[in-house]
Structure formats: structure tokens, C-alpha cells
Amino acid sequence: MLTIARPASVDSEIRRSRFVAHAARVDDLAATRAFYAAVADPAATHNCWAWRLDHQYRFHDDGEPASTAGKPILAAIEGKQLDHVMVVVTRYFGGVKLGAGGLIRAYGGSAAKCLDRAGSREIVRRLNCFIRAGFEWTGEVYAALESCGARKLSESFAEQGVMIEAEVPESRLACLRRSLRDATRGKVTVRLCD
């Protein structure tokens, strides 16, 4: 899954209207509201937006004719196969009507240019898990964590052994389980955090 590499902005003029596009990574609904509040200009004619967050998406035309602003912005996000991203395109009306096709091209094009400027990078989903092991297996646990790209978050000790909370890339969880099973003859348990 891809998201943008960095926040970006693009300012362009289309038939005397000024379009200012802003893009940022968002990881939850609160972040979408905060980003909109930070970049939307109440003095502008329109502040149209779209975001995509996992399997959810939303868009808003902010007074432009239906599906001529928010939907093209979302199409630009989806066209670049991005996720966890929001784009706000602010329009300052310049006196020339663009028509439905012109609006679609202006909003979608501004969003696409902004996303190009932001670049992209892969999102690595990470999972937290608990590993319970006897003291005799701690060396094998540490080696498995390192070889599978996991990171130790905390560690506690009890009479029965050690309990480690670790963060592991989702794609490497099976590797961690297999490595621990093989290295300890099945004596270590791995449980995902709730």
C-alpha cells in the first residue's frame, strides 16, 4: 500500500481562477478534520476535498456542481493508488465559468499535480504481539526478532520466564512465528495484542 512521502502544495491559475491544492498523509478521521481546518481558506470561493483511509473514502464539492470537484480529487488519489491521504483544493473564482468538464479537469489536475509533487512511499503495517518464553530461550527469541525485522517494545520477567511485547511488520509475522517455533521446538508462544 502506498501513501504520500511528504506534504505538498501546488498553486496554479486556470482561466483566471486560482486553484491551490494541499496534500497530506492522514491516519484517522481526526487527522482529516485537522488537516482541512489547517489549509482551508474561509475567504475562498470553494474548499473542495477528498480523502482515502483504508477502505473508507469521502469527498465534498463545497458548492461546486455535484461531482465536479470532490470526485475528481478522489479519482486523482485512487489513480495513483494512494491510501492514508487527503487533498484539499481551494478555488478563488476569477470571473470565468469553467463548465462541468473544465471544473473536473481543474480540480482533478490540481490534485494530481500536488500528489506528484508529494511523491509516494510504501506503508508498512505493523502489528504488536506478546511472546512468552522460558529463560533458556531468550537468546533464540532475540535472534528471531532481529531476523524477522521485529522491534522489542517492552520486556518483563516472572518465575516462568520472560514476556516480551514486540512490534513486527505484518508481512513478517509468519516468519517470526516459524522462526520461534523452529528454534525452540514449539516452546515459545506468540499472541497478537488485542
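**Note on the predicted model**

1. Arg-16 sits in the loop that connects strand E2 (8–14) with strand E3 (17–25), where helices (H or I, at least four residues) and strands (E, at least two) are DSSP runs numbered from the N terminus. The phi angle of Arg-16 is near 70 degrees, a positive value in a residue that is not glycine. Arg-16 counts as exposed because its relative accessibility is 56%; the classes used here are buried for under 20% relative accessible area, exposed for over 50%, and partly exposed in between, with a 1.4 Å probe and protein chains only.

2. This is a predicted model, in which local features need pLDDT of at least 70 and side-chain atom pairs count only at pLDDT 80 or more, while totals for chains, interfaces and linings use all residues. Residues are numbered from 1 along each chain as its sequence is written, and side-chain values use heavy atoms, with hydrogens and water left out. The chain has a mean pLDDT (the predictor's confidence in each residue, from 0 to 100) of 92, and 99% of its residues reach 70 or more. Confidence is lowest in strand E11 (residues 189–192), with a mean of 86, and highest in E6, at 97.

3. An open sheet is built from five strands in the order E2-E3-E6-E4-E5, with antiparallel pairing; two strands are taken to pair if DSSP finds at least two bridges between them. Because E2 and E5 are at the edges and have a single partner strand each, one side of each is left without a neighbour in the sheet. From one strand to the next the twist averages 10 degrees; axes are lines fitted to C-alpha atoms, for helices over the stretch in contact, and angles run from 0 to 180 degrees between N-to-C directions.

4. E2 and E3 run antiparallel and are joined by seven bridges, and Ser-9 has His-22 in E3 as its bridge partner. His-22 is buried, with a relative accessible area of 17%. Leaving aside neighbours within four places in sequence, the contacts (heavy atoms within 4.5 Å) of His-22 include Phe-35, Val-39, Met-86 and Cys-114.

5. What is the state of E4 in this sheet? Eight of its eight residues are buried, with His-46, Cys-48, Ala-50 and Arg-52 on one side and Asn-47, Trp-49, Trp-51 and Leu-53 on the other. Seven bridges link E4 to E6 in antiparallel fashion, His-46 having Arg-91 as its bridge partner in E6. Five bridges link E4 to E5, also antiparallel, and Leu-53 stands opposite Gln-56 in E5. E4 and E5 make up a hairpin with two residues between them, and Asp-54 in the turn has a positive phi of about 55 degrees.

6. Two helices lie across strands of this sheet. H2 lies across E4, E5 and E6 and runs at about 35 degrees to E4, whereas H3 lies across E2, E3, E4 and E6 and runs at about 145 degrees to E2. The buried residues of H2 are Gly-70, Pro-72, Ile-73, Leu-74, Ala-76 and Ile-77, and their cover includes E4, strand E5 (56–60), E6 and H3. After H2 comes Gln-81, with a positive phi near 55 degrees. His-84, in the loop between helix H2 (70–79) and strand E6 (85–92), has a positive phi near 55 degrees as well, and is buried, with a relative accessible area of 7%.

7. Met-163 belongs to strand E10 (residues 161–169) and is buried, with a relative accessible area of 19%. Not counting residues up to four places away in sequence, Met-163 touches Phe-130, Ile-131, Arg-132, Ser-154, Glu-155 and Ser-156. The C-alpha atoms of Met-163 and Arg-91 are 55 Å apart, with 72 residues separating the two along the chain.
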